[in-house]
Number of protein chains: 2
Amino acid sequence: MATIKDVARRANVSVTTVSATINGTAPVSDALKARVWAAIREVGYQPDPIARNLRKGVSTTIGLIVPDISIPWAAHLAKSMQRAFSEIGYNMLFASSEDDPEREFSEIEVFSAHRVAGLVVVPTSRGENYSARLIEAIHVPTVLVDRVLPQSHFDSVTDDNLLGAQMIVRYLHKLGHRDIAFMAGRAGISSSDERLAGFRRTMDETNVAIRDELVRQPVYLRDQAYATVQQLMTMRDPPTAIVCINIAQLLGTMAGLGNLGLSAPEDVSVISFDGFHPAEGWSPAITSLKQDIATTSTRAAELLMARIREENQPEPLVIRVPPSLQIRSSCRAVE
Amino acid sequence: MATIKDVARRANVSVTTVSATINGTAPVSDALKARVWAAIREVGYQPDPIARNLRKGVSTTIGLIVPDISIPWAAHLAKSMQRAFSEIGYNMLFASSEDDPEREFSEIEVFSAHRVAGLVVVPTSRGENYSARLIEAIHVPTVLVDRVLPQSHFDSVTDDNLLGAQMIVRYLHKLGHRDIAFMAGRAGISSSDERLAGFRRTMDETNVAIRDELVRQPVYLRDQAYATVQQLMTMRDPPTAIVCINIAQLLGTMAGLGNLGLSAPEDVSVISFDGFHPAEGWSPAITSLKQDIATTSTRAAELLMARIREENQPEPLVIRVPPSLQIRSSCRAVE
DNA sequence: CCTGTTTGACGAAACGTTTCGCGTCGCTAT
DNA sequence: ATAGCGACGCGAAACGTTTCGTCAAACAGG
């Protein structure tokens with residue numbers, strides 16, 4: 001590999017001058033600039049990111065930490081993120097926390113040691129003093145995605161869950177549903193909390209009393225949803241509609257219904273917050289909110305880059321990206 | 001951050017000795033070793049991976065390049081890979097080639113500049129002289145996944161596609177199917193070529209003549225499959241079974257059938273090589289091969305680490321991981 | 001004409017490691 | 001005894017950059 005020294009020798013200048021022309025950090029006469037650029041091209045010089053990294057104390061790499069990349073939502077996020085950053089010359093270190101805060105903090109530490117320029121984190125939001133631990137662990141520009149923290153210390157981008165819940169409840173209400181079951185996630189995870197809060201609020205607004213026994217929490221993994229839906233549907237007075245919060249729940253719900261010999265929308269309407277599931281060609285096609293991942297990624301990248309570049313740090317921002325309701329065939333009207 | 005110098009000062013030894021105790025690269029007396037380790041703990045020293053990287057010329061990072069992380073198969077691969085490598089202290093740079101060889105080569109270059117210890121690549125396998133270009137571009141231990149190259153210069157891990165095709169054809173044959181449609185991918189992509197070859201071979205073995213008009217190639221994207229399946233099913237003498245090679249095809253096929261008002265398995269049996277799709281709870285539940293991604297990742301990681309560590313480089317190995325047939329309800333017996 | 005400022009270029013230090021080569025010590029074999 | 005050798009430990013160079021401080025020349029204002 002050609003080094004900066006080779007360029008200097010070739011252009012008959014000092015390495016300082018070469019560095020200055022490349023980075024524009026110091027004035028260089030046009031004549032020399034031309035010679036240097038020519039020399040760079042001739043020897044095929046590419047700056048060594050590692051050496052630069054060591055000297056400057058910061059790299060041109062972004063760290064991405066998600067709970068589980070095999071969740072379609074996260075995979076799409078990773079794809080959009082990687083594209084957004086690679087366009088501006090950054091590359092991406094990647095890790096899964098597997099929803100384990102210890103792993104998460106350990107990955108944060110590793111990434112920090114590698115001097116990432118910034119971090120994109122879908123926080124696990126678990127464990128004691130999580131927020132404080134996170135603040136203490138992170139000393140890099142960071143943007144949180146999907147799950148936000150109370151009185152966040154970090155920039156965040158997340159779905160507009162209150163709006164989403166409103167769309168879902170109003171839609172079901174319009175179809176005549178009153179006995180609506182809601183599968184919430186773990187309490188303390190903002191996306192779940194917000195969706196549940198939005199559900200409650202909109203139910204209130206539409207003057208429908210919530211039947212507490214239909215609100216199940218926490219239902220996080222597929223198997224829990226599988227069990228829960230069967231409990232729900234074997235009640236004396238089962239719900240006419242079920243709201244799922246994410247794809248794991250949706251998969252479990254559908255399997256559970258199948259196991260009872262029930263199907264949607266004939267026996268019960270099913271609707272989901274998570275739009276990443278089979279649509280056309282399978283039945284039922286699930287009516288669901290579609291997250292706007294492209295926008296989420298773009299906003300997150302923008303926020304992060306602003307943090308990385310800015311000297312004067314503004315207050316942490318929380319951006320909420322509105323979802324859209326995709327009406328398909330898993331919900332039917334009831335009398 | 002504590003540096004190695006701080007440790008040296010604290011333990012009252014030279015930095016050389018500290019380095020030697022940490023890396024075991026030179027003999028150090030037990031007394032000193034103890035002092036050094038104590039000092040390390042006391043000052044909370046963590047070696048700087050960047051500096052080490054610069055000096056040694058190689059990092060402890062693996063680069064992963066896949067065509068599209070949002071494909072469930074790739075997402076699961078990324079997850080398994082990341083886990084496998086993080087367990088042995090490696091971390092992972094990640095990029096999508098978006099099935100564009102130029103992007104792919106550019107990412108290879110970037111990763112090389114970052115001095116990755118090794119590369120895991122799902123090659124795009126496109127473009128002129130692809131194989132030669134790849135060999136020229138890569139100067140790092142590398143393992144190819146899913147798609148292998150003719151007379152490979154690299155270690156490779158891939159599904160046992162011949163076996164998979166055999167399982168599929170025999171299963172369909174047992175159900176009485178003779179008019180079997182096959183959607184192949186782009187020619188030149190080993191996974192597609194092998195699956196098609198296996199299909200032909202097993203059809204031969206079972207003494208069924210292949211109807212050429214039922215073998216469609218290339219059908220790569222979802223929309224192509226959507227169109228193709230409709231052509232197939234509106235033929236005078238339509239197939240009784242359709243074999244899909246990947247999930248994009250399967251999604252297109254299902255949507256196309258839906259558009260014709262047809263469904264599986266009533267109107268036609270559908271079977272797929274790609275096991276990452278909805279199963280329970282939706283209908284139809286697709287009978288398909290399940291790829292063994294965990295094994296694939298493990299083997300790939302093993303091969304790569306062997307390359308990274310070994311001085312004496314053995315011949316490139318091609319490992320084929322057998323899939324398993326998951327029989328569900330998308331195929332039915334015919335007369 | 002002198003002083004002060006700006007422009008352009010450079011040598012050398014610094015970033016935090018690993019590694020090369022050398023020196024010292026104590027031991028063994030002549 | 002002494003040469004030779006292995007085990008230990010150390011100083012300094014090296015990895016490829018960026019940046020600090022210095023300096024010469026050119027140019028401005030009085």
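Which residues come nearest to DNA strand C?

View 1. Of the 28 residues around DNA strand C, the nearest are Pro27(A), Ser29(A), Ile4(B), Ser19(B) and Ala51(B); a residue is near a strand if its C-beta atom, placed from the backbone, lies within 6 Å of it. H2(B) supplies the largest share, 6 residues. Helices (H or I, at least four residues) and strands (E, at least two) are DSSP runs, numbered from the N terminus. Residues are numbered from 1 along each chain as its sequence is written, and chains are lettered from A and ligands numbered from 1 in the order in which they are written. The model is predicted: local features need pLDDT of at least 70, side-chain atom pairs count only at pLDDT 80 or more, and totals for chains, interfaces and linings use all residues.

**View 2. The surface near DNA strand D.** Around DNA strand D there are 28 residues, and Ile4(A), Ser19(A), Asp48(A), Ala51(A) and Pro27(B) are the closest. Helices H2 (15-23) and H4 (49-56) of chain A and helices H2 (15-23) and H4 (49-56) of chain B each supply at least two residues. Here H2(A) gives the most, with 6 residues.

**View 3. The nonpolar core around Ala78(A).** The largest nonpolar core has 162 residues. Such a core is a set of buried Ala, Val, Leu, Ile, Met, Phe, Trp, Tyr and Cys residues joined through C-beta atoms within 7 Å; a residue is buried if 20 or more other C-beta atoms, placed from the backbone, lie within 10 Å of its own. Ala78(A), Val120(A), Val243(A), Ala78(B), Val120(B) and Val243(B) have the most contacts inside the core. Leaving aside neighbours within four places in sequence, Ala78(A) is in contact (C-beta atoms, placed from the backbone, within 7 Å) with Leu64(A), Val66(A), Ile69(A), Phe94(A) and Ile69(B). Of the 335 residues of chain A, 48% count as buried.

**View 4. Leu93(B) and the rotation axis.** A rotation of 180° with 0.0 Å of shift along its axis superposes chain B on chain A, with an RMSD of 0.1 Å. The two copies are thus related as by a two-fold rotation axis. The superposition is by least squares on the C-alpha atoms of residues with pLDDT of at least 70 in both copies. Leu93(B) comes closest to the axis among the residues of chain B, at 2.1 Å (C-alpha). Both copies use the same surface, as 100% of the contact residues of chain B recur in chain A.

Technical notes:
Buried ≥ 20, exposed ≤ 12 C-beta atoms within 10 Å, placed from the backbone. Contact = placed C-beta atoms within 7 Å.
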